[in-house]
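These are my notes from going through one chain, entry by entry.

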Amino acid sequence: ELSKPTSSISVKKLGRRRGEGDEGTEFVVIDGTKVWDFTDLENNRDGIDDFTMSIGRNTKRRQSDTPVHRLNEVIDEIAHQLTVVLRAHDQELPESQNANHTIASTILPTNKVSIKTGEICMACWAFGKLRPRTIPPGRIERPQMGRVVGSVRSSNPSSTNGRTLIRVKSDEWESRRTFLDGTERIKDTADVTEQPGPIDDVTDRLFDAIGAVLCKKSGSGANTTTSRLEDSRWSELANIGWAFASHGSCHSFEAESLLNDLATVTSKRLAEDGTIANNNNPKLLVRDIAQILWSLGTLQADNFKIAKGMLDIVEALKDNLKLGTKRGNPFTQGRPLSRWCCADLVQVAVALAHARIDEPLLLQAIYGEGIFRLMEGSSISPTSMGDISADSRRTFHPWEVSILLWAQARLSLTSAVGEMFDEFAEDASGYFLRTLRDNNGSFQDARIGPQEQANIAWSLVVLDKFDTEEAIDLLKSLFVDAARTCEKEGMIQLD
């Protein structure tokens, strides 16, 4: 039996026409005009095909006329023009090559354009922001969400303490972006149509062109000149690495070359530009080193070929901080990272966790400093968060502690590696409970979201720190809040 072709996008109304000798036949009205009689369509397969094609054309035309689509076209056109300029400057692509570009454009007079390194870095940062990666590091697919299809209260209160049981329909999947961006509840994944998005290969080609230009050297032998990357400032190096990591660009030859050169330049300068232990070095900031480490650590989860450069930076950082030169217990060794801000501690720990580099001395310094800061105070109240700059903040946010706990669990940092790791995991449970008490037990007010809750629960189990009194109270609160949120919002992340 033929199904009646309708579209929620282009079909505006279904009407009925009274005929002679019958009960009436249905017809479709699109934009106020009757298009097809369903009775005729069922007797005419070609008509059905034509009808379906007309709906497809209408849908495509309407989608291409949205402000978002037009904005994406402009962004892609800018990326294309920048790529043409950079490739022509690098003499790798003729100016006239535009065969695969779908948008009619005028090629810029690249032979008259003087390209500045700062401008390249700004463009790189901008497209890292405009075109972020949609798949987390080390993953092959987007985060998956499951629909909560119902919740029932058990008929046997003694078996569940009268609590609500929530059933999750795990055979229906959809990406986090589709669920969060939709305005209506999705009934079935078959009803979901992928919305037109940016052309990723346009941005990929731009990042490849940026990598080629920044790494290019001219001359040979003793007359070889330094590359733009080697002449870049610390802030430019950090922004370049951040942009490549945010976009997820690391697989092409140009991207690999840039990331390996970035690691080489960073390691060399760490040995030349003085210590960063006091965070007052005029030549470089801890923030820049932390950002470069985060970039390479994140991308190493996708491409092992940049692992050596990451290891070189870690070794150079350890030498720069003179870690391991003092003997005795941690108290006699002092606090080498006492002047680092909380964001830098977290970013370096995340970089090591993504790259699975368990450098004991650096990690002991990070988590030893973390213990001191957990003892110094609980979370900052939401009203005062905006008054403290990221460079001087001395107190952790709850989400930062959850990330440190996740990094510790990912690297299996237990007492066998250092006593401070057991102490940090135990102190973290107490820190979260104090934070909840300060916010009247509200996870939302404490800024401990679903992702942070999942990190905490997983980490405590992996580290075998779930059986303390504080951990038990914390996990109970986590599960109660997670069930309440799941029942209220009707969905839960499955992975």
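**Entry 1: Glu426 and Lys465.** I looked up the salt bridge between Glu426 and Lys465 and found their closest N and O atoms 3.1 Å apart. A salt bridge here is a side-chain nitrogen of Lys or Arg within 4 Å of a carboxyl oxygen of Asp or Glu. The pair joins distant parts of the chain, 39 residues apart: Glu426 sits in helix H16 (residues 419–438), and Lys465 in the loop between helix H17 (450–462) and H18. Helices (H or I, at least four residues) and strands (E, at least two) are DSSP runs, numbered from the N terminus. I then checked exposure, where buried means under 20% relative accessible area, exposed over 50%, and partly exposed in between (1.4 Å probe, protein chains only). Lys465 is buried at 12%, while Glu426 is partly exposed at 38%.

**Entry 2: ground rules.** I noted that this is a predicted model, in which local features need pLDDT of at least 70 and side-chain atom pairs count only at pLDDT 80 or more, while totals for chains, interfaces and linings use all residues. Residues are numbered from 1 along each chain as its sequence is written, and side-chain values use heavy atoms, with hydrogens and water left out.

**Entry 3: other salt bridges.** I found 14 salt bridges in the structure. Side chains of opposite charge can pair when their charged atoms come close. Among the 14 is the bridge from Arg87 to Glu254, with 3.9 Å between the closest N and O atoms. Arg87 is in helix H3 (residues 67–90) and Glu254 in helix H9, 167 residues apart, so I logged this pair as a link between distant parts of the chain. Arg87 counts as buried because its relative accessible area is 12%.

I also looked up Glu359 and Lys318, a salt bridge with its closest N and O atoms 3.9 Å apart. This pair too links distant parts of the chain, 41 residues apart, with Glu359 in the loop between H13 and helix H14 (360–376) and Lys318 in helix H11 (residues 307–320). Glu359 is buried at 11%, and Lys318 is buried at 15%. Which residues make up the network of salt bridges around them? I listed Glu315, Lys318 and Glu359.

**Entry 4: Arg269.** I placed Arg269 in helix H9 (residues 253–272). The side chain of Arg269 comes to 2.6 Å from the backbone oxygen of Ser232. Contact means heavy atoms within 4.5 Å. Apart from neighbours within four places in sequence, Arg269 has contacts with Leu229, Glu230, Asp231, Ser232, Arg233, Trp234 and Leu237.

**Entry 5: Cys121.** I found Cys121 in helix H4 (residues 117–130). Cys121 is buried, at 5% relative accessibility. Beyond neighbours within four places in sequence, Cys121 contacts Glu236 and Ile240.

**Entry 6: helix H18.** I checked H18 (residues 469–489), which has 21 residues and reaches 30 Å from its first C-alpha to its last, close to the 30 Å expected at 1.5 Å a residue. The expected span is 1.5 Å times one less than the number of residues. Which residues of H18 are buried? I listed Ala471, Leu474, Leu475, Leu478, Asp481 and Cys486. Seen down the axis, they fall within an arc of 140°, so they line one face of H18. That arc is taken over the directions from the helix axis to the C-beta atoms. The face turned away carries the exposed residues Glu469, Lys476 and Lys488. After H18 comes Gly490, with a positive phi near 80°.

**Entry 7: the core.** I found 101 residues in the largest nonpolar core, with Phe244 and Tyr367 having the most contacts inside it. Such a core is a set of buried Ala, Val, Leu, Ile, Met, Phe, Trp, Tyr and Cys residues joined through side-chain atoms within 4.5 Å. Helix H13 (residues 342–355) gives the largest share of this core, 10 residues. Not counting residues up to four places away in sequence, Tyr367 touches residues including Ala349, Leu404, Met420 and Phe424.

Terms used
A polar contact is a pair of N or O atoms within 3.5 Å; within protein, one must be able to donate a hydrogen and the other to accept it, and residues adjacent in sequence count only if both atoms are side-chain atoms.
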